[in-house]
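My notebook is open, and I looked up a few things in this model. Here are the entries, in the order I made them.

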Amino acid sequence: MLAYRRAGVLLVFAILAFSSVHVRAQFDDPIPLPGEAHIDHVGVDFLLSQSALRSGDSAWLAVRFQIEEGHHLYSPEEVNLLAAAVRFDPAPGLVFGPVYRPPGRRVVSSGNVSWEYEGEVYFLCRATALPDAEPGKRKFTARIDAQVCTRENCYLPTPPGGEPFSFEIDVAAAGAEVPQQHVDVFEKWIPIAENALSEGAKIDVLGGQDAVRPGDRLWVAVRVTPPAESYLSGPTGPGVGLSIEPVLPEGWKNGLVSYPAPESITVELGNGVAVEAKGYRAPVVAGVAMDVPASAGEGKVALSFRVRYQANRGGEALRREEEGTIAALEVAVTGPGSPVQAAHAGVVGPLARALGVEFPVHEEPVPPGGKTWVAIRLTPPTGAFLFGASRPKGRELSVEVLDVPGLKIGPVYRALGEEPIEYRTPNGLPVSSKGYRERAEFGFRVEPSKDASGLYHVPVLVRYAVASETAELERSREGGDLYLVPVDVGGGTPRETEDAIFERLDEEEKKAGKAPDDLLGKGLLVLLLVAFAAGVAADFSPCVLPMIPITVGFFGGQAAGGARKSIGKALGLAVSYVLGLCVTYTILGMVAALAGKSLAGWAENPYVIWPLAGVLGALSLSFFGAYEIKLPDALLSKFGAGQARSGLAGAFAMGALLGFVAAPCVGPFIATLIIAVALSGKILWGAATFFVFGLGMGMLFLVLAVSSDFISNVPVQWMTRIKHLFGFLLLAAIVWFVKPLLVHADKAWVAPVLWGAIGLVGGIVLGAFDQLATADGWGARIFKSIGVVGCLLGLLYFLSGMQALGVGPQAVASGTQGTGSSPALASEWLHDHDEALAKGKAEGKPVFLDFYTESCIPCKIYSEQVFPEPQVASELDRFVKAKLDATRPENERLQTQTYAAPSLPLIVLYDSKGKEVRRITSGGLSVAELAAILREVR
């Protein structure tokens, strides 16, 4: 019995093996000739609507499937199985349009729904002979995807890439008589196909020359026009993104395609729902640069382009060309030295004056989980130059790399620095600028994930402007050119290229070792350690130190208000205080990281400073016995009775308040952290980073809180005077806090008068004029000494303020609003970066650039208190001066990109030769210090 079973199994395997060999043999047959074409149980032939195709004319081509009875193919509506499709390979002198596939028949079998073709089916497309196509037989190849099935089973599908079928079309001379044929077929199907294909895009291929010579570079424009009232998806999708793939002859090189940057399109989906898409409403002109081999022989060469696209109307796809439509151009190759004429100058001309662009890859293919450089080399045309990164809006050079799922894209580094550019404007004014004459080089890291595999296309958007020596704008791409850079992951042995650009990029990456993106690359642990250290350093900023009296007073009051607390309870209060601080900075850090800006910017806003000053003023009243810091009774009953619970909540609130109060001063400490978190795009990383920053900042207050029991042992009369001392210190801190808002000359007297009043009143209250008895201890003597010092300082400040008040009207008369310069000097301040540099070079003067915003307090201090001083003003007279409003987009890009300053103030100094010699990025320089710096600039 066992022997019979073994024999049966062997018989089954033999039948299966024979069947597979038989089916496979159908695919291994030579390419069928006309009349012999077939797929298993399906006959295939081609019908032309005319007896021949005239040069420069079009005709309809039908692909007829004759499906054997009892068998079927699947139609385009079928999404689970292989649907029948036809695509044409590039053919010299011939262009094939999109293929129309008729809808299938809905079939329900055993509860399953499918879409099928049965019997005789026609696919149609337009075939065009190029105007210069020579008469004669032209061979072409069609590739067919199909799977033949019966109700019981399916045959093997056609192999990947489709089953090839080779046929011929007879090309006749232009004007030749070509009778119609297969009229009964085409009269029925042409109207149906024309109606369906009217929703497709129109594709034109335009060459920049009537002929090319060996070694030439040929520019070709591929123009894709969307159907009426529709748009094309952009190269990065969604759906079938626009893709133009050159099919170059052997030996021809380059073929890099530049797409215009897609526009943002609002798509109405109905029911009031709208989404943003990237695409093209207007015709798309993509540029392709091709290098003709030096060994190219004379004759005609066919250049073919496979265009994939998706035309959309609203939220629906009108037509999806996933396989692509073939468009072709036939060019003549002439002998070396032969004259050639430009063609299509209006369309192709601007492309030919654009950049030469290359994308070398350090390793190709890149191993999964590895790392490689992708370089961008931009070469201006002969006799022209490329503006640098600091040009006016519309001319600046920028390289932006868009995200690709499966790849980690690093920051863009500049491998070559800008060089001085001397040119003249159209009116003859000499201008000194910066840019590139020979080439510009940039690069970025690509790190594939460990499970990445295959060919990825990285979108790179390049914005630039190319100009001639007379500054005539050859081509400006403010919107940018988009390139899809292929990066092969896996699939072979990595090989390194020998290009010095990668060595320069390695050096630039090392130089940026302290940059936020490099800090981010060192991992979360290093980022957290840096955050903790920054928090500890922030404790010694002038906004945080005034909070020490509040902390001591608060915890001292808690200790004195009841029974003596244990170390454990004191530690609990301290931890709650620090957690409040951490929560505040976690929230503020996440918000700032999402916005990509430092806290310092908005924390310097008057609308933030005045309310916080009011809060501090209200808190100061508690030190004079006006009230006790605790939660309202209603909240106490909600949280639960008990002083300890109230203390925990109050400590948390106090810590949270400290975070807001300290915000203006911690901006410099957290600016780098914010940039690093913004680059990561990870909200959890941002939360962790700023939580740890709060921990570092809370260490000092943790020590003060735990030691608060010491305060409870201080005599009551001492404790009262300590609270008064802290109250006056807090009032002085409030004046210091709002002082930057009082920098205008008509208000310059306010701060010193207030400080003087606080010092005098505080000194008297603390016992400056008390009579000390012999029995009084050292504590009373300390407070009397503090009072005397307070009175003396208060008197000096008060007199200074009164003096300032006496000259107030003169100060007002010489002040201005908004620019920080006097009316007499206002005309001397320019407001354009390039104009100032050009004027400085033309007049042989150094240049002083001052970036400012209305909310930048250090900027106002410089403008109102430092620049007008005689020592500084006399030096500034030698400079060409410019005030640049950093809220304007062009100036913001200069600040953050060109001069790499994440926050203000920013002062940039150039010498008389146009060379940058100094950047000032911190506030607090005295008049003497700034004057000394200016004297060194010649």
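**Cysteines.** I began with Cys791, which is buried, with a relative accessible area of 11%. For me, buried means under 20% relative accessible area, exposed over 50%, and partly exposed in between (1.4 Å probe, protein chains only). Cys125 also counts as buried, at 1% relative accessibility.

**A note on the source.** This is a predicted model, so I kept to its limits: local features need pLDDT of at least 70, side-chain atom pairs count only at pLDDT 80 or more, and totals for chains, interfaces and linings use all residues. Residues are numbered from 1 along each chain as its sequence is written, and side-chain values use heavy atoms, with hydrogens and water left out.

**Disulfide.** How many disulfides does the structure hold? I found 1, taking a disulfide as a pair of cysteine sulfur atoms within 2.5 Å. Cys149 and Cys154 are its partners, with S to S at 1.9 Å. Their link is right-handed, with 105 degrees about the S-S bond. Cys149 is buried at 0% relative accessibility, whereas Cys154 is partly exposed at 40%.

Next I searched the whole structure and noted 7 cavities of 30 Å³ or more. On a 1 Å grid over the protein atoms alone, a cavity is a set of points where a 1.4 Å probe fits but cannot get out; a pocket is an open set with protein on both sides within 12 Å along at least five of seven lines; lining residues have an atom within 4 Å of a point. Grid points are joined across faces, edges and corners, and a volume is the space filled by probe spheres set on the points. The largest cavity holds about 80 Å³, and its lining includes Arg217, Trp219 and Tyr483. S18 gives the largest share of that lining, 3 residues; strands here are DSSP runs (E, at least two residues), numbered from the N terminus.

**Second largest pocket.** I put its volume at about 1000 Å³. Of its 40 lining residues, Gly255, Leu256, Val257, Phe359 and Leu484 are the closest to the centre. Which strand gives the most to this lining? S18 does, with 5 residues. By class, I listed 22 nonpolar, 12 polar and 6 charged residues (Ala, Val, Leu, Ile, Met, Phe, Trp, Tyr, Cys and Pro count as nonpolar, Asp, Glu, Lys and Arg as charged, and the others, Gly among them, as polar).

**Whole protein.** Last entry: 48% of the 938 residues count as buried.

Definitions and conventions
Helix = DSSP H or I, 4+ residues; strand = E, 2+ residues; numbered from the N terminus.
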